[in-house]
Amino acid sequence: MADKPTRDGFGEGLVELGATHPQVVALSGDLEDSTRAIWFKQKYPDRFFSVGIAEQDMIGTAAGLAMAGKIPFACSFAEFVTGKTLEQLRMAVCYQRLNVKTVGSHGGLSVGADGATAEALEEFSHMRCLPHMTVIAPCDAVEAKKATIACADFPGPVFLRLGRNPVPTITKPEEPYRIGQANVVRDGADVTIVACGVLVQHALQAAESLAKEGIQARVINLHTIKPIDRAALAQAARDTGAIVTAEEHTVLGGLGGAVAEVIVQEHPVPMRFVGVMDRFGTSGDPAQLLKAFHLMPDDIAAAVRDVLKLKAVGSRA
Amino acid sequence: MTPVATGHVRQEHREERVMARPDVASLRRLAVDLRQDILRTIANAGSGHPGGSLSMVELLIGLYWYKLRHDPKRPDWPDRDLFLLSKGHGCPALYVVLATLGYFPKDELSTLRKYPTRLQGHPERGMLPGIEMSSGSLGQGLSMANGIALADRLDGRTRRVFCLMGDGELQEGQVWEAAMTGHHHKLDSVCAIIDANQLQQNGPVKQIQDIEPLPDKWRAFGWHVIEIDGHDIAKVLDAYDQADAVKGKPQAIIARTVKGKGVSFMELNHAWHGVAPKPDELEKALKELDAAKR
């Protein structure tokens with residue numbers, strides 16, 4: 001299957017929801033072309049609302065639509081729709097437990113050349129500490145479409161993180177998808193790699209090269225960062241004894257932090273974090289940036305070798 | 001408490017709304033009673049915002065005893081008009097109004113701000129009958145009013161959405177984003193009410209950051225502007241009627257009010273923005289208000 005951006009999967013999913021869910025509406029802060037919400041606008045112009053370049057008002061307006069029974073999808077760049085709007089998401093959406101779906105495309109380094117101001121690297125941390133918020137980061141377009149459709153029937157606030165660039169499709173339409181339920185995409189007994197977004201693909205590549213060294217890595221696609229699948233993570237810690245997390249996001253408080261919070265309480269094992277090391281993004285080709293920020297399969301494999309040393313020390317003690 | 005018509009229930013659609021004017025003199029007496037209850041409630045809580053609660057009393061009376069289509073016995077009635085309190089710190093006034101109308105037992109007012117209570121220091125939606133929106137973080141209500149109006153338009157609903165804001169609150173940029181949205185989408189079911197009580201926490205609005213000329217600003221943003229003395233009940237009722245008749249654009253009622261209205265030592269004194277009266281101060285305030293009844 002050809003490479004495809006997760007935002008395209010979202011756009012297709014939203015159009016499908018247009019037909020199946022009359023309460024679904026969409027809002028855009030002048031980025032409907034970038035987020036692919038424009039496909040919904042073209043098909044359902046009456047249910048699409050342009051609110052201008054005003055993200056705070058967009059989230060407030062979405063909250064109002066939800067108060068009146070609609071299922072609004074409020075779409076912009078991941079950075080702007082979570083960063084500028086943290087207070088609106090907190091009081092208007094989460095405190096009121098409203099059925100608002102906040103959609104951020106161009107997440108991570110995928111906006112590349114535009115540089116640091118548009119590169120979202122902190123949204124998982126911001127969003128997951130809001131009570132009642134669900135945080136989802138699909139790994140490919142097929143999963144993004146499933147996630148979008150699942151969102152509509154999942155009551156309450158959701159943040160959906162999408163990427164700009166085409167990524168390999170590694171999931172299949174017929175595979176099960178449930179918000180909050182992690183998918184084990186490769187089994188192994190020596191170590192577990194927990195990843196989301198494009199890093200799931202990188203984790204699988206890392207696992208393949210590790211297998212040649214005799215290291216069998218389990219790979220978990222943790223598409224839902226919150227609510228987190230505690231059982232799957234605890235099982236992985238018990239079965240494999242070491243964990244590496246991988247995300248296109250800061251290592252402070254994101255997927256890695258969320259996994260660590262579970263592991264230290266359920267079954268402590270050595271961990272390593274692959275992610276952006278407490279810094280802003282920068283301009284460049286996105287593929288080049290993933291290398292420069294050490295988010296490639298080789299980086300994950302190196303972290304695995306490193307964590308396995310700790311595991312060995314632990315088992316001798 | 002002076003008996004007045006309560007729970008003005010109207011079931012007809014907006015177009016057909018013809019309602020009897022309540023007796024203005026009795027509403028004036030009601031305003032004094034409500035002010036006394038507001039002060040008792042805040043004094044009992046030991047903290048709260050008397051100034052901005054007292055300034056909005058006539059604006060609430062005009063809604064809840066006249067303009068608003070609502071039913072205290074059916075707070076979730078789908079076709080009710082909506083009142084959104086964006087200046088959440090004024091909630092003691094709203095709680096007193098709702099309790100007086102029977103949305104919840106009046107003795108529950110004594111639980112304001114005390115754990116565990118349904119009467120949060122700033123209102124929480126879903127916790128207490130009659131509270132339509134959570135607020136307390138300023139500047140957010142008008143966006144939600146617009147969202148409700150957009151949904152209602154899709155659904156063919158004809159209810160009204162009123163949103164009460166403070167004048168200091170208008171310093172929040174989101175208010176003006178929402179003003180643009182209301183204009184762009186021609187949301188004529190939305191009526192913004194500005195309780196322009198002249199003061200904010202640290203002093204006169206004019207000194208903290210001037211927001212005038214308000215009527216020109218709202219007009220420039222495409223809203224139908226009605227400017228009134230917000231303590232003149234007859235003018236308040238007129239303003240709501242006028243706003244109702246406007247088609248094709250949202251309306252902004254700019255109510256010129258006095259922070260701390262009705263209590264001499266609180267009036268236009270920003271020190272009373274967020275401080276509860278002590279027992280002797282309460283007694284003095286209640287006596288002043290008693291005198292206003294005669």
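A residue is buried if 20 or more other C-beta atoms lie within 10 Å of its own, exposed if 12 or fewer, and partly exposed in between, with C-beta atoms placed from the backbone. The model is predicted: local features need pLDDT of at least 70, side-chain atom pairs count only at pLDDT 80 or more, and totals for chains, interfaces and linings use all residues. Residues are numbered from 1 along each chain as its sequence is written, while chains are lettered from A and ligands numbered from 1 in the order in which they are written.

**Exercise 1. Describe the fold of chain B.**

Step 1. Helices (H or I, at least four residues) and strands (E, at least two) are DSSP runs, numbered from the N terminus. Chain B contains ten helices and seven strands.

Step 2. The radius of gyration, taken over C-alpha atoms, is compared with the globule rule, 2.2 Å times the number of residues to the power 0.38. For chain B the radius is 18 Å, close to the 19 Å that the rule gives for 294 residues, so chain B is as compact as a globular protein of that length. Its C-alpha trace spans about 50 × 45 × 40 Å along the principal axes.

Step 3. Of the 294 residues in chain B, 50% are buried.

**Exercise 2. Describe the side of chain A that touches chain B.**

Step 1. Two residues are in contact if their C-beta atoms, placed from the backbone, lie within 7 Å. Chain A contributes 24 residues to the contact and chain B contributes 19 residues.

Step 2. On the side of chain A, the elements giving two or more residues are α4 (55-67) and α6 (86-95). The largest share, nine residues, belongs to α4(A).

Step 3. Ala, Val, Leu, Ile, Met, Phe, Trp, Tyr, Cys and Pro count as nonpolar, Asp, Glu, Lys and Arg as charged, and the others, Gly among them, as polar. This side of chain A has eleven nonpolar, eight polar and five charged residues.
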